[in-house]
Amino acid sequence: MKNRRDFIKLLSIGVAATALPLNMSANVFTEERKKSLRFGLCADVHKDVMHDADSRLQAFIDEASEKELDFIIQLGYFCSPYYYNLGFMSIWNSFKGDKYHLIVNHDMDWGFTREQLVEYLKIANWYF
């Protein structure tokens, strides 16, 4: 050992290693413990410029619900935070699992701020 700090570091690693369960290895997982993560992605719905945005989103939600996905994510170009888009948002919110939003450049068109969009989409934790 070079010094006391190296000794304490090595001792800490040893203690942590002995505290870990022996079945942490990926090779020892049983079939019962394995679970697939299943999620759905949709992008470019363009509610404010596409005539069939509601029906396309409904088809996505129906499929995601039927497949019992763990969560869904929309990848931007979704809808502007107008009152008249609340019906569209209710389609999105009808999915029973977790839902996430990715905000991209044109989502803030029509003079809206990121904060307005975050509030409208009810995004609890957001990062820029």
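Is L75 buried, partly exposed or exposed? L75 is partly exposed, because its relative accessible area is 33%; buried means under 20%, exposed over 50%, and partly exposed in between (1.4 Å probe, protein chains only).

The model is predicted: local features need pLDDT of at least 70, side-chain atom pairs count only at pLDDT 80 or more, and totals for chains, interfaces and linings use all residues. Residues are numbered from 1 along each chain as its sequence is written, and side-chain values use heavy atoms, with hydrogens and water left out.

**View 1. The nonpolar patch around L75.** L75 lies in the loop between β2 (71-74) and α3 (86-93). Together with L37, F39, L41 and L102, L75 forms a nonpolar surface patch with about 460 Å² of accessible area. Areas come from the Shrake-Rupley method with a 1.4 Å probe, and for residues only the protein chains shown count as cover.

**View 2. The open sheet.** Three strands pair in parallel in the order β1-β2-β3. Strands are DSSP runs of E of at least two residues, helices runs of H or I of at least four, numbered from the N terminus; pairing needs at least two DSSP bridges. The edge strands, β1 (39-42) and β3 (98-101), each pair on one side only.

**View 3. The β1 and β2 pair.** Four bridges join these parallel strands. F39 has F71 in β2 as its bridge partner.

Notes
Patch = residues over 30% accessible without salt bridge, like charges linked within 9 Å, V, L, I, M, F, W, Y side chains within 5 Å. Salt bridge = Lys/Arg side-chain N within 4 Å of Asp/Glu carboxyl O.
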